[in-house]
Amino acid sequence: MIDKMIVDADLCIKLGGSDKYRYLHDILPLVSKKIYMHTHAHGEVMMPSSAVSQLKDLIAEGKVELVNESGLEAKERAVYDAAYRNLEKVMIDPHRPNKNKGETCSLAYAKATGIPVFATDEMNLQPIIDSQLNTGIDDITCIRIVDIIQKAHDGEIDVPRKICKALWLVTGKKKEIFDKEIWPVEDTGT
C-alpha cells in the first residue's frame, strides 16, 4: 500500500463510471493510506453522477482530503509556485487555460508537500513530470488504472481478478487486452 498519493479527476471519473459498481469508493482507499485531491481537480469531476457521488462519499468519510495551495506555508508555497510555472510552460495552452489545470495544480501541490504518487490515467504524463519536476528529491511517480490492477495481481491489494476485469471494462478499456496482456486467465496471480 502506498503511504500517500494525490488523485486526478480523470481517474475518479473513470473509476466512478458505474452506478452498479462503486470502484472509486471501494478500491481507491485500498491503494493508499492517505489520499489527497486538489480542489481544482475536484471541481473537474462533474459527471457521471456516480463518480460525483462516490467522490463525495470518500470526502465525507475522510478517505479523501481536499487540498490547495492557499494552506501552504511560505517555503512550500514557493516550491508550489515554481513547480506550477515549470509545468505551465509545457502543459497549459494559453488559448485553453483550464485544460490540464487540475493536473498542473495537483502535481505542483504534490511537489511542494512531498506526495510521491499521482494517481491519473494520463498515459504520457510521466515523461513531463520527469523533465519538469523530478530532480532526485521528492520525485513523483504516476500510478494508472493498469498499475492498480497490477498491484491486485501481485497481491499488494486485495482485489480479485474478476473485479479487476470488471473495473477495466467499466473504465472503457478492451477485454482482450485485459485477458491477454494484463491478467491472463491461466495466470496464477491472486
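Tutor: Two strands are taken to pair if DSSP finds at least two bridges between them. With that criterion in hand, the account below concerns a predicted model.

Five strands make up an open sheet, in the order 3-2-1-4-5, and their pairing is parallel. The edges are strand 3 (64-67) and strand 5 (141-143), each of which pairs on one side only. On average, neighbouring strands of this sheet are turned by 35 degrees against each other, direction ignored. Strands of a sheet pair through backbone hydrogen bonds, in either the parallel or the antiparallel sense.

The individual pairings can now be followed from strand 1. Strand 1 (residues 2-7) and strand 2 (residues 32-38) run parallel and are joined by four bridges. Ile2 has Ser32 as its bridge partner in strand 2, and Met5 has Ile35 as its partner in that strand. Strand 1 also pairs with strand 4 (residues 117-119), again in the parallel sense, over three bridges. Here the bridge partner of Met5 is Val117.

Four bridges connect strand 2 with strand 3, and the two run parallel. Five of the seven residues of strand 2 are buried, so strand 2 is largely enclosed by the rest of the structure.

What lies against these strands? Helix 2 lies across strand 1, strand 2 and strand 5, and runs at about 115 degrees to strand 2. The nonpolar residues give a further view of this region. In soluble globular proteins, nonpolar side chains tend to be buried together. The largest nonpolar core here holds 35 residues, and those touching the most other members are Met5, Val7, Leu28, Val31, Met37, Ile143 and Ile149. Helix 2 (residues 23-31) supplies the largest share of this core, with five residues. Apart from this core lies another, of 23 residues, including Val67, Tyr84, Ile129 and Cys142.

His25 belongs to helix 2 and is buried, with a relative accessible area of 12%. The side chain of His25 makes a polar contact of 2.9 Å with the side chain of Asp26. Not counting residues up to four places away in sequence, His25 touches Gln54, Asp57, Leu58, Glu61 and Lys63.

Gln54 leads from there to helix 4 (residues 49-60), in which it is placed. Gln54 is buried as well, at 1% relative accessibility. Its side chain reaches two backbone nitrogens, that of Leu24 at 3.1 Å and that of Tyr23 at 3.5 Å. Beyond its neighbours within four places in sequence, Gln54 is in contact with Leu15, Gly16, Ser18, Tyr21, Arg22, Tyr23, Leu24 and His25.

One last point concerns the cysteines. How many disulfides does the structure hold? The structure holds zero disulfides. A disulfide requires two cysteine sulfur atoms within 2.5 Å. The sulfur of Cys105 is 15 Å from the closest cysteine sulfur, in Cys12, and that is too far for a bond. Cys142 is likewise in no disulfide, for the nearest cysteine sulfur, that of Cys12, is 14 Å away. Cys105 is buried, with a relative accessible area of 3%, and Cys142 counts as buried at 12% relative accessibility.

Key
Residues numbered from 1 in each chain as written. Predicted model: local features only at pLDDT ≥ 70, side-chain atom pairs only at ≥ 80, totals over all residues. Heavy atoms only, no water. Buried < 20%, exposed > 50% of the residue type's maximum accessible area, 1.4 Å probe, protein only. Core = buried A, V, L, I, M, F, W, Y, C linked by side-chain atoms within 4.5 Å. Polar contact = N/O pair within 3.5 Å; in protein donor to acceptor, adjacent residues only side chain to side chain. Contact = heavy atoms within 4.5 Å. Axes fitted to C-alpha atoms, helices over the stretch in contact; angles between N-to-C directions.
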